[in-house]
Structure formats: structure tokens, C-alpha cells
Amino acid sequence: MRMQNNERADTIHRQPLERIVSPYILSPNSMSAFDPISFSKMKFGSLPDIRNFAGKVAENIDPELVSNNTVVAAVEYDYAPAAGVLLAEEVARLLGQKYNVALPFLRIRQRNTPTVDFATLSREERSAYLHTIIYNVVADTVRDKDVIFVDDIRTTGGHEAVARENLGNLPQEVTYAYAVTLDPNSDPRMEQTLTMAAINSIEDIDKIMQGEHFRVTTKLCKYLLAYEQTEDLTRLARMVPPTKLQELYTCMKNSFYNSVPAYAVNTDMLKKLCAN
């Protein structure tokens, strides 16, 4: 993303202020009050857990950062929302309600759809992959704004570097707000451990999907499409309410997961069940 030639010189050279906020900072030996089960359920679409963490994130944001000049943003790359997007939507709602301001929620699309499970990558693999990411940013949506970037977890800070590169000097101030931050010395693959903390079998997925308040997420889609026990998956799909099953299949199809060879068998099964 390039600045237009008619930008003012003072805008071109000004760098936005930055800060990071998070209610939890974790290391392998320090989990304190953090609930990994709740975090895991949030990643798989449990709305009560999303709302729980959104409340914690909102409490950590300085009131001075919230005004009519504030934009709450999250990065998305699929039709099916990541947990971070759902978290950001709820944070925007809570902050707007608390401070009586209408906060625009900005979905910043990632142009290139990820082909890897980011949570499983080492520090070196993450660094290499992050250099390939390009955001599709409309300059006027962030120009001279106070941007609050919300995400579920800060692992290496790599996404901040990507945002910095893509946003340049357009914002006035940028706050990176996370549900949880990993200690810099932690193995980045600890993210995967936290993500799967509540999921030991497909029965755990069933419990989340049978809940009254639930949303399909990218993590849920990929887990189910990669699930190797087709009979168990079929049984689960038959138990899910038809509206939720249709939502699941629509998210998978519109995220182009149906074009991934490794997901073909399960995608076809879900398609047939939705047609019945």
C-alpha cells in the first residue's frame, strides 16, 4: 500500500504511536488466573467464552483511547471468521456501550489465504511465513485514526510487524489488544496447546456445537474437515441442528476449503447431509 503523492509532508514523516495491552501474560511455568479451557472453547466458537475474554480485553483498554476518532479492527482471511474477529466485534460493542460512542468495526482482509496452520509453526517458520502476508487496506478507513487492533493471542509479535508494514504512517495511534500474550521466551507452538486444551475428541466439539450460543469459526472448520474418523464425524453432523449444519457447510464452501484435496471426503459428506 503506497501513500498518494499529494499527502502532506508532516503526515508522511509522522510515525503512529503504538502500545500493547493484554489481560494475561503467559509462560510455560506461569498460567495464574488464565483459563486455557475457556480460551480453547473460544477458538472453536463458544460465544460465552468469546464474551468472557472480550470483557477482559475491554477492561484493559485505556478510556482515553476510546473516542469518535477510534476504529476497532481485526484481520480476516476467510469467509468463516477466526475467533479473533468475533472477539474484536464484541470488544467494539462493549467499548461503544461503555463510553457511549459508535465505534466502527473494520475487517481488514488478508489478500493471500493461509495455506498452513499458523499455531503449529516454530518461531523461524512463523517469521518466514509472515513476510508473505499482504493486507487489503483502504487508506481512508484508518487515516489519522486511533486504531485498536484486536486478536485472540500474541505469540511472537509478528502480526504487529505486518500491520506496521501495511498501515505505514496512516493511523494516528495503534493499540494492539490481545486476549492473551505469550512470554517472548515461550515456544510459539504453545499456542496450539492452548487452542486444543478443551478438545480431546469430537465429542468435545459436539458439546460446543450443541450449545445455544455458538458460531462457526475457521478453527472449527479445519478441525472437522481434517478429522479422519468419518463415521464419528457423520454421526456428529446428523446430531447438529440443520441451521448450524448449513452454516458450517456454507462457511467451508465460501472459504474454498472444498478445493483442498485433504478435505475432499469430509466436505462431500457434509454437502450430501445438507442436501437431504
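Contact here means heavy atoms within 4.5 Å. Welcome to these close-up views of a predicted model, in which local features need pLDDT of at least 70, side-chain atom pairs count only at pLDDT 80 or more, and totals for chains, interfaces and linings use all residues. Residues are numbered from 1 along each chain as its sequence is written, and side-chain values use heavy atoms, with hydrogens and water left out.

**View 1. Helix α8 meets helix α10.** Helices (DSSP runs of H or I, at least four residues) are numbered from the N terminus. Helix α8 spans residues 202-209 and packs against α10 at an angle of about 10 degrees, with the axes 11 Å apart; axes are lines fitted to C-alpha atoms over the stretch in contact, and angles run from 0 to 180 degrees between N-to-C directions. α8 is therefore roughly parallel to α10, a term for angles under 35 degrees. From α8, residues I202, I205, D206 and M209 touch D232, L233, L236 and M239 of α10. This contact has six nonpolar, no polar and two charged residues. Nonpolar covers Ala, Val, Leu, Ile, Met, Phe, Trp, Tyr, Cys and Pro; charged covers Asp, Glu, Lys and Arg; the others, Gly among them, are polar.

**View 2. The second largest cavity.** A cavity is a set of points on a 1 Å grid over the protein atoms alone where a 1.4 Å probe fits but cannot get out, whereas a pocket is an open set with protein on both sides within 12 Å along at least five of seven lines; lining residues have an atom within 4 Å of a point. The whole structure has three cavities of 30 Å³ or more. The largest share, three residues, comes from α10.

**View 3. The second largest pocket.** About 150 Å³ of space lies in this pocket. The elements giving two or more residues to its lining are α5 (123-130) and α6. α6 gives the most, with five residues. Among the lining residues are R123, H131, T156 and E165, and the lining divides into four nonpolar, five polar and three charged residues.

**View 4. L167 in helix α6.** L167 belongs to α6, residues 158-167. Because its relative accessibility is 2%, L167 counts as buried (under 20% relative accessible area, with a 1.4 Å probe and protein chains only).

Technical notes: Buried means under 20% relative accessible area, exposed over 50%, partly exposed in between (1.4 Å probe, protein chains only). Grid points are joined across faces, edges and corners, and a volume is the space filled by probe spheres set on the points. Angles under 35 degrees count as roughly parallel, over 145 as roughly antiparallel, 65 to 115 as roughly perpendicular and the rest as oblique.
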